[in-house]
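Open your viewer and switch to the cartoon view.

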Amino acid sequence: MRPAFMSSPRRVLHKMALALEQVGVAFGGFQALGAVSLTVQPGRVMGLIGPNGAGKTTCVNVLTGFQRPTEGRVILGERDVSRHSAHALRRLGVARTFQAGRLFTGLDVLDNLAVTGVGLGQSRHHAEVEAIRLLDWMGLTGMQSRSAAGLPYTDERRVAIARALMGKPQFLLLDEPAAGMSEPEAADLAALIRRIAIELGVGVLLIEHNVGLVLSVCAHVVVLDGGRVIEAGDRAAILSSRAVREAYLGADHPEAA
Amino acid sequence: MTLQLLFDALSLGGIYAIAALGIALIFGVMKLVNFAHGQFIAFAVFALIVPSTDAVAVMGLGAAPALVLVPAILAVGAGLAVASEYLVFRPLRNASPVALMVASFALGVVIQNGLLVAYGGRPKAISLWPELGKPVALLGAEVPMLQIIVIVSVLVVLALLAVMLKRSRIGLEMRAAAEDFGMARLLGVRANAVIAGAFALSGALAATVALVLVAQTGVADVRMGGQIMLVAFIATVVGGMGSLPGAVAAGFALGAASVALQAALPIEARPFRDAFLYGLVILVLLLRPQGLFAAASAKPRV
């Protein structure tokens with residue numbers, strides 16, 4: 001039987017899932033993604049791993065409206081959102097973080113969150129109230145009036161995640177949030193990601209190079225290589241997959257044999 | 001004597017700061033150096049008088065009481081700037097910064113020639129609030145009333161602007177847009193409202209400069225915006241392109257340096273004051289090419 005998270009185009013989607021259906025993306029002659037299907041469920045954390053250039057960020061870009069698919073569809077609930085802009089998708093509850101963080105360094109932490117709330121249509125006051133609550137929830141109390149410019153790396157990542165959580169999104173796509181973190185820092189991040197899924201009911205898609213982190217947090221993992229899904233399943237399925245080992249280590253590697 | 005110099009420096013620097021802010025605001029949100037800003041100032045000056053090519057200026061709006069005149073002229077400046085944005089810069093929203101800059105030169109030429117047609121090319125004497133020229137004794141110095149009003153108004157304008165940028169919704173959006181316009185748009189910041197707001201503020205600041213210039217010099221000349229535009233532009237460069245505090249600080253610094261040079265240079269060197277002033281500017285830029293306060297967006301990301 002096909003695992004529930006590996007949706008086929010014919011499967012009736014969960015009402016509020018976010019899914020790629022047979023999505024292909026070509027840049028000129030280069031096929032960045034081919035026939036990729038995956039479904040992010042609310043309240044769950046799905047991992048997306050793969051070697052460099054596998055198409056992970058392209059997947060996130062398609063799911064968040066930054067990149068139009070050349071084939072296939074992006075489905076949110078029952079809507080086809082393939083042609084939606086990034087901002088329209090954000091308003092519909094699909095939020096993301098960026099590899100580079102991209103905080104407004106000229107603004108303090110609170111304003112970084114507040115401007116996001118305002119952009120989503122909240123009043124300044126409501127945006128600030130939600131921002132303060134969110135910072136408290138994330139254990140960043142006391143950081144609100146600090147400039148976003150001088151933040152330590154891990155705090156910068158957390159603030160970027162807090163900013164993405166403004167306006168109560170239904171889905172959060174994290175693009176390599178643990179890059180450059182030490183093991184204890186990554187473990188803290190893992191705990192936060194679990195809380196986001198469980199306490200907020202947000203469906204999380206976690207893109208990471210840190211396979212250990214992904215396997216520790218995600219019940220389900222999709223592995224991309226060369227723009228295609230080469231494996232999908234739970235932790236055991238990924239660890240025992242010959243295709244995954246070949247993709248990461250190369251087919252000729254003795255351990256892959 | 002020194003106190004008098006201080007007042008001179010503050011009032012001249014204040015005008016430069018307000019003019020530089022008008023340029024820095026627009027540069028901040030859309031990376032446009034608006035070279036029509038000087039013509040915005042000239043337009044606001046001529047809005048005070050009845051259009052005619054006669055040598056003698058007849059006050060129109062300028063005859064109104066200050067409580068009506070000041071808001072009306074600020075509205076004229078803001079309206080002209082917003083109209084320029086809507087008609088000229090909005091269609092060019094995705095054009096290169098160079099194309100935008102050239103368009104702003106063209107807009108300046110159009111406005112200046114419009115004024116020439118309506119008012120003629122001769123400078124006109126115009127007397128706005130002549131009673132403010134009277135000196136008053138303040139802290140042992142003889143200071144023209146106008147100078148005190150200019151300094152106070154500049155401080156009030158700066159404070160209002162700071163509060164607006166800090167506390168209002170549009171101010172927050174402007175600060176975010178000034179740093180990373182693409183990201184701000186992604187987050188849903190209202191791009192059109194932010195840009196129109198920046199132009200409106202910039203136009204109102206140009207009108208503020210216009211009122212001060214007219215009250216000080218008593219002359220309306222279609223070319224009068226050019227000189228102050230040059231100084232204001234230099235102030236924005238020295239302050240760090242796009243940095244609002246930088247523009248203000250550099251405006252005051254240029255005013256202070258100008259007054260100090262005027263006082264300190266030997267009498268035979270004074271005609272060359274501006275050469276010394278711009279020499280200092282070159283020196284500052286050699287030491288800090290990014291300006292005194294580089295805007296956050298101009299810093300390289302590590």
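In what order do the six strands of the open sheet in chain A lie? The order is 6-7-8-3-9-10, with mixed pairing. Strands (E, at least two residues) and helices (H or I, at least four) are DSSP runs, numbered from the N terminus. Two strands pair if DSSP finds at least two bridges between them.

This is a predicted model: local features need pLDDT of at least 70, side-chain atom pairs count only at pLDDT 80 or more, and totals for chains, interfaces and linings use all residues. Residues are numbered from 1 along each chain as its sequence is written, and chains are lettered from A and ligands numbered from 1 in the order in which they are written.

Next, select strand 3 (residues 45-49) and strand 8 (residues 203-207) of chain A. They run parallel, joined by four bridges. Find A:Val45: its bridge partner in strand 8 is A:Val204.

Finally, show chain B. Here 19 residues of chain A are in contact (C-beta atoms, placed from the backbone, within 7 Å) with 15 residues of chain B. Which helix of chain A gives the most to this side? Helix 3 of chain A does, with six residues.

Key: Two residues are in contact if their C-beta atoms, placed from the backbone, lie within 7 Å.
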